[in-house]
Structures are given as structure tokens and as C-alpha cells.
Amino acid sequence: MINLHKYPSIFIANWKLNGNLSFLKEYFEKLKVNSNNCTVICPPSIYLNTLININTKSIFVGSQDVSIHKEGAYTGELSSKMLVDNNVNFCLVGHSERRQLFSETNINVKKKCINLIEEKIIPVICIGETLEEKQKNLTEKVLLTQIKESIPVISNDENTIIAYEPIWAIGTGLTPTFEEIDSVHSMIKSIEKKFKNYKILYGGSVKSSNSSKINALQNVDGCLIGGASLKVDEFNIIIS
Ligand code: PEP
């Protein structure tokens, strides 16, 4: 398993349903990796192997999802064993798009995490509140429930990452204030003693103009980047 604690910052690119073969090759040629930090790219699953095969720049490769099942009659699914077989080291779980559009539940997030950790793949567990929940001051309550129900007992600060992604900030250009981000991360780290040393990433409209300030916050250990990670020049600045 990757030693997360040797990296001051972790940056994860989530390409979602974007990119193609020529995009990927051109992107990789232009990518400038700072090997002091941990940089992970999560392409659509059909390109995982392409990325692994051309990877000469010490990036890590992550999946955008994994099955809750280990094997069997589950058409269309990819197991954690198949991911590790292909040198995938990270996997997003519980992304808000999967929760909202594909009915992902906390129970399934937990099952996926267990399967991944058993294969020594690091789950990146995404949690976050809706705008309505934020406006009703429910952020802490919502995050506590997501954490309690989706993080398995076998998780620890060496085998699991948490990504705080306010749903209203994803793809909207809106972000919480720097103080709000830092205080939510600090709240997560103080839920229980065991969370104190977890790597907690922030995600939601991170771009080159705000990434260094966000990443410099005391309780932020890196960023999860969607839209801005598709522009390699922009991503190069974020990870530099
Ligand atoms: C995401 O989808 O995880 C994300 C952070 O998206 P964006 O950076 O585009 O807001």
C-alpha cells in the first residue's frame, strides 16, 4: 500500500465521463508532476490500463468506482481484485454523483471500502452536504452520519482518505470560505481520536487560482479536482 504519510499533499484528478485516447496521451505528455506530492489521476475505467502503461512520471492511478461484489454474475462491474491486478492504487467511493445519480448508499460505500482495503487499494471516501442542508446548519450532522455509516472499522489513517466535497460546490464555481473549509476539516479530524491523522482532501471548484490557498489551510491535506483537472496546464499549476 502507498505510504500516504510521506506526502505533504495529495492531489486527485477526477476525469468523470470525459477524455479519449488522444486526449489522454497529449495530457500525459504535458503533465508536470511534482514527485514530492502524491498525484493521482482517475480516468474512465476503460483508460486505466492505458494510463498505467504510459506512466513514466510517477503519478498514481485511481478508479472512479468499484463493485460491492467480489466476483460473479454482475454484468458491467469491476472488482477490487481486478483493480489491484492492474496496479490501481486508489479508488473514489461515495462520490456525490454516484450517491445522487446512481443511488449509492453509505452501506454500499462501506462494503466497497472493505473490498478495497483488503486488496491494499486506498479508498477515497467522498462526503458532503447539499446547499439546503448547509443553509439549515446541518453540515456537521450530515457529515457525521456519512462518516459513521460509510467508514468501516478496518479503516485507518494509513489505508483510507476522506474527501470533503460540499455538493453545492461541485462544478459550480462556488466554494465555502477558506475558514469554513478549515473548520469543517478540523471538525472531521476531531470526531474521534482515530480521525486526527487522516488525510482529508477538499473538493469542489478547486482551480489554479484558489488551490494554493486551500491546500495551505492547516487541516487540508490536498485536493480532489474535477473540471480543472481536465485542463492539463491548469492541473500542472495546482499540483506544482
Ligand atoms: C468532483 O467532482 O469531485 C469535483 C471536485 O468537481 P469540480 O472540481 O469540477 O467541482
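## Residues around the ligand

For sorting residues by class, Ala, Val, Leu, Ile, Met, Phe, Trp, Tyr, Cys and Pro count as nonpolar, Asp, Glu, Lys and Arg count as charged, and the others, Gly among them, count as polar. With these classes in hand, the shell around the ligand in this predicted model can be described as four nonpolar, eight polar and three charged residues.

There are 15 residues around the ligand, and those that come nearest are Lys16, Glu165, Gly171, Ser205 and Gly227. Under the classes given above, Lys and Glu count as charged and Gly counts as polar.

Which part of Lys16 lies 2.5 Å from an oxygen atom of the ligand? It is a polar atom of the Lys16 side chain.

The ligand sits in the second largest pocket, where about 220 Å³ of space lies. This pocket is lined by 18 residues, and the ones that lie nearest its centre are Gly171, Ser205, Gly226, Gly227 and Ala228. By class, the lining of the second largest pocket has five nonpolar, nine polar and four charged residues.

## The largest pocket

The largest pocket has a volume of about 520 Å³, and its lining is made up of 19 residues, of which Lys16, Gln64, Asp65, Arg98 and Phe102 lie nearest the centre. Among the elements of the structure, helix 4 gives the most to the lining of the largest pocket, with three residues. The lining as a whole divides into seven nonpolar, seven polar and five charged residues.

Rolling a probe the size of a water molecule over the atoms shows where empty space is left. The structure holds one cavity of 30 Å³ or more, and about 40 Å³ of space lies in the largest cavity. Its lining consists of Gly94, Ser96, Arg99, Cys126, Ile127, Gly128, Glu165 and Ile167, and the elements that give two or more residues to this lining are helix 4 (96-101) and strand 5 (122-127). By class, the lining of the largest cavity has three nonpolar, three polar and two charged residues.

Key
Residues numbered from 1 in each chain as written. Predicted model: local features only at pLDDT ≥ 70, side-chain atom pairs only at ≥ 80, totals over all residues. Heavy atoms only, no water. Near = heavy atom within 4 Å. Polar contact = N/O pair within 3.5 Å; in protein donor to acceptor, adjacent residues only side chain to side chain. 1 Å grid on protein atoms, 1.4 Å probe; cavity = no way out; pocket = protein on both sides within 12 Å on 5 of 7 lines; lining within 4 Å. Sits in = over half its atoms within 2 Å of the grid points. Points joined across faces, edges and corners; volume = space filled by probe spheres on them. Helix = DSSP H or I, 4+ residues; strand = E, 2+ residues; numbered from the N terminus.
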